[in-house]
Amino acid sequence: MALGKRAAPAGGQLLLWPRVVLFGDSITEFSFRDNGWGAYLAERLVRKCDVVNRGLSGYNTRWAKLILPRLIAKSAGAESTAAVIVFFGANDSALKDLNPKQHVPLEEYAANLKSMIQYLKSVDITEDRIILITPPPLQESAWEKECFAKGDKLNRHNATTGEYARACVQVARDCGTDVVDLWTLMQNNQDFSSYLRDGLHLSPKGNSFLAAQLWSRLEKKLSALPFLLPYWRDVDHTHPEATLLPDALQ
């Protein structure tokens, strides 16, 4: 993706950093905390791309579908968007009887994901720039303690979350996007509880695990992005305008 430019009033061109948008629920909102997976990506992409956190705690795909056009539009950053990561399902898969506000039926969840992909494509963000992430597995005994502490019953089941994860993977196959099947990957031949701090949200180890999975995919997509603005040793200190404002001198 080329670096966007607009005329700047003080000479030269206004630099528009390419951006990677993280769109999801609380697991995304919390991703810029210490050792979070979003913070890891931001560090790896510094001076190449801005990593924009659009995580919304408690949200599901029904709500996300409605607000996505307010976050990314042709007139508001789509052109400079290098990648979009869509990470929903942990709330959609809540049990209907115990958490009707966040629950979204499985078929609607899949349809909402497809709708969001189609919208992104309509603003010229192609399939190869979209990555879906399935919900992580649920460690029921730990999450049950969190629910009990709030006076609630266990409102999610790992088996149900797995159905939503499989639906997410199928949507990615149908739509031609990349996908991180976090639900399966975290349960491959190991005790996955260490990946979760409360049975649902990611621990430091879980954040590192997801960051590594995402980076292995993003690195390929973003490898062509240039290092923005010259390295300081390459700036002509006697005439910095020649290095930093070449367009203004033409």
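User: Which residue in E5 stands opposite Gly24?
Analyst: Phe87 stands opposite Gly24. Before we go on, this is a predicted model: local features need pLDDT of at least 70, side-chain atom pairs count only at pLDDT 80 or more, and totals for chains, interfaces and linings use all residues. Residues are numbered from 1 along each chain as its sequence is written, and side-chain values use heavy atoms, with hydrogens and water left out.

User: What do the labels with E and H stand for?
Analyst: Strands (E, at least two residues) and helices (H or I, at least four) are DSSP runs, numbered from the N terminus. In the protein chain here you'll find 9 helices and 7 strands.

User: In what order do the 5 strands of the open sheet come?
Analyst: General idea: strands of a sheet pair through backbone hydrogen bonds, either parallel or antiparallel. Two strands count as paired if DSSP finds at least two bridges between them. In this structure, the order is E4-E3-E5-E6-E7, with parallel pairing. Strand E4 (50–55) and strand E7 (178–180) are at the edges and have a single partner strand each, so one side of each has no neighbour in the sheet. On average, neighbouring strands of this sheet are turned by 20 degrees against each other, direction ignored.

User: How many bridges join strand E3 to strand E5?
Analyst: There are 6 bridges between E3 (residues 19–24) and E5 (residues 81–87), and the two run parallel. Besides the Gly24 and Phe87 pair, look for Val21, which sits opposite Val84 in E5. Now follow Val84 across to E6: its bridge partner there is Ile130. E5 is joined to strand E6 (residues 130–133) by 4 bridges, again parallel.

User: Is E5 mostly covered or uncovered?
Analyst: Buried means under 20% relative accessible area, exposed means over 50%, and partly exposed is in between (1.4 Å probe, protein chains only). E5 is mostly covered, with 7 of its 7 residues buried. For the protein chain, buried residues make up 47% of the 250 residues.

User: At what angle do helix H2 and helix H8 pack?
Analyst: To read this, picture axes as lines fitted to C-alpha atoms, for helices over the stretch in contact, with angles from 0 to 180 degrees between N-to-C directions. H2 (residues 37–44) and H8 (residues 204–222) pack at about 40 degrees, and their axes are 8 Å apart. That makes H2 oblique to H8. The cut-offs: under 35 degrees is roughly parallel, over 145 roughly antiparallel, 65 to 115 roughly perpendicular, and the rest oblique.

User: Which residues in H2 meet H8?
Analyst: Trp37, Tyr40, Leu41 and Arg44 do, and their partners in H8 include Leu210, Leu214 and Trp215. Contact means heavy atoms within 4.5 Å.

User: How do the axes of H3 and H4 cross?
Analyst: The axes of H3 (residues 61–71) and H4 (residues 106–122) cross at roughly 15 degrees and come within 9 Å. That makes H3 roughly parallel to H4, and the crossing is left-handed. Among the H3 residues in this contact are Ala64 and Leu68, and H4 contributes residues including Leu113 and Met116. By class, the contact has 8 nonpolar, 3 polar and 3 charged residues.

User: How far apart are the axes of H4 and helix H6?
Analyst: Those axes are 10 Å apart, at an angle of about 35 degrees, with H6 covering residues 158–175. H4 passes H6 in a right-handed crossing. The contact includes Ala110 and Ile117 of H4, and Ala167 and Val171 of H6. It has 10 nonpolar, no polar and 3 charged residues.

User: What is phi of Arg47?
Analyst: Most residues other than glycine have a negative phi. Phi of Arg47, though, is near 65 degrees, a positive value. Arg47 lies in the loop between H2 and E4 and counts as partly exposed, at 30% relative accessibility. Asp124 has a positive phi too, about 70 degrees, and is in the loop between H4 and E6.

How values were computed:
Left-handed = near helix turned anticlockwise from the far one by under 90°. Nonpolar A, V, L, I, M, F, W, Y, C, P; charged D, E, K, R; others polar.
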